Amino acid sequence: MKMLTQIERLAERTKGFLEAEEGRRLYRLAREASRLGPCLEIGSYCGKSTLYMASGCKENDGILFSIDHHRGSEEQQPGEPYFDPDLFNPQTKEVDTFGHFRKTLRMGHLEEYVVPVVCTSFLAARAWSTPLGMVFIDGGHSLDMVRQDFQIWSQHVLPRGYLVFHDIYPDPADGGQAPYLVYQEALASGFFKIHPMTLSLGVLERNQCR
Ligand SMILES: C[S@@+](CC[C@H](N)C(=O)[O-])C[C@H]1O[C@@H](n2cnc3c(N)ncnc32)[C@H](O)[C@@H]1O
């Protein structure tokens with residue numbers, strides 16, 4: 001528990017889009033799932049969710065693959081609602097979160113447990129064949145992007161492993177609908193069973209067989 005408290009303190013100071021309660025759930029899920037196989041997240045950003053998931057993996061001497069091109073999503077570009085000038089490199093004139101991500105890993109003493117994958121999730125998936133204990137989808141939030149991440153990555157989730165979505169808002173007044181629609185599609189596929197949500201974290205478990 002001491003490790004989680006330290007990570008929570010660091011997560012509070014880390015830029016990102018995750019509530020502490022959601023982070024603690026990710027930690028518990030990754031701790032359980034990393035007994036089955038490696039865990040993977042799409043959408044590292046500055047490492048907030050990574051801190052929690054990697055700490056869960058660390059408990060089992062497991063591994064987290066963390067995918068992000070580190071150029072920011074559409075809504076994080078200059079002039080868009082989630083743009084953060086601290087993450088803009090004036091030399092390259094691009095958003096660049098990779099340095100912040102590496103610093104977070106170093107401060108969390110998690111570099112031995114995380115494999116940063118710096119490219120699009122689509123490219124990383126092209127040659128992927130490792131079965132996974134858990135996949136957390138928090139990359140691009142357009143319907144096409146979330147659906148693509150689901151279709152590509154969910155097939156690698158092991159039976160009894162977890163498929164987790166961020167930003168699940170059943171009420172459109174609370175937020176964008178793309179992750180919620182794809183989460184519904186995942187449920188309708190018959191391959192997953194539903195677990196209770198934590199705030200906007202939607203948690204599904206892969207069935208043993210269909
Ligand atoms: C909402 S942020 C992730 C927040 C993070 N999980 C946290 O805890 O703060 C989304 C991230 O997904 C990345 N991203 C968007 N589309 C992507 C894609 N196609 N492949 C890889 N990363 C992508 C962006 O660069 C951005 O850093």
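Predicted model: local features only at pLDDT ≥ 70, side-chain atom pairs only at ≥ 80, totals over all residues.
Local features need pLDDT of at least 70 and side-chain atom pairs pLDDT 80 or more, while totals for chains, interfaces and linings use all residues. Numbering starts from 1 along each chain as its sequence is written, and side-chain values use heavy atoms, leaving out hydrogens and water.

**View 1. Phe65 meets Trp128 ring to ring.** A search of the whole structure turns up 9 aromatic pairs (Phe, Tyr or Trp rings, the six-membered one for Trp, with centres within 6.5 Å; planes under 30 degrees apart are stacked, over 60 edge-to-face, the rest tilted). Here the centres sit 4.9 Å apart with the planes at 90°, so this pair is edge-to-face. Phe65 belongs to strand S2 (64–67), and Trp128 to the loop between helix H5 (121–126) and strand S6 (132–137), 63 residues apart. Helices (H or I, at least four residues) and strands (E, at least two) are DSSP runs numbered from the N terminus.

**View 2. The buried residues of helix H7 (178–188).** They are Ala178, Pro179, Tyr180, Val182, Tyr183 and Ala186. They pack against helix H6 (143–153) and strands S7 (157–165), S8 (192–198) and S9 (201–206), with contact meaning heavy atoms within 4.5 Å. Ring pairs also tie Tyr180 and Tyr183 into a cluster with Phe150 and Phe165.

**View 3. Polar atoms around the ligand's nitrogens.** A polar backbone atom of Gly43 is 2.8 Å from a ligand nitrogen. For Ser49, a side-chain N or O atom lies 2.8 Å from a nitrogen of the ligand. Ser121 brings a backbone N or O atom 2.9 Å from a ligand nitrogen.

Terms used. Buried < 20%, exposed > 50% of the residue type's maximum accessible area, 1.4 Å probe, protein only. Polar contact = N/O pair within 3.5 Å; in protein donor to acceptor, adjacent residues only side chain to side chain.
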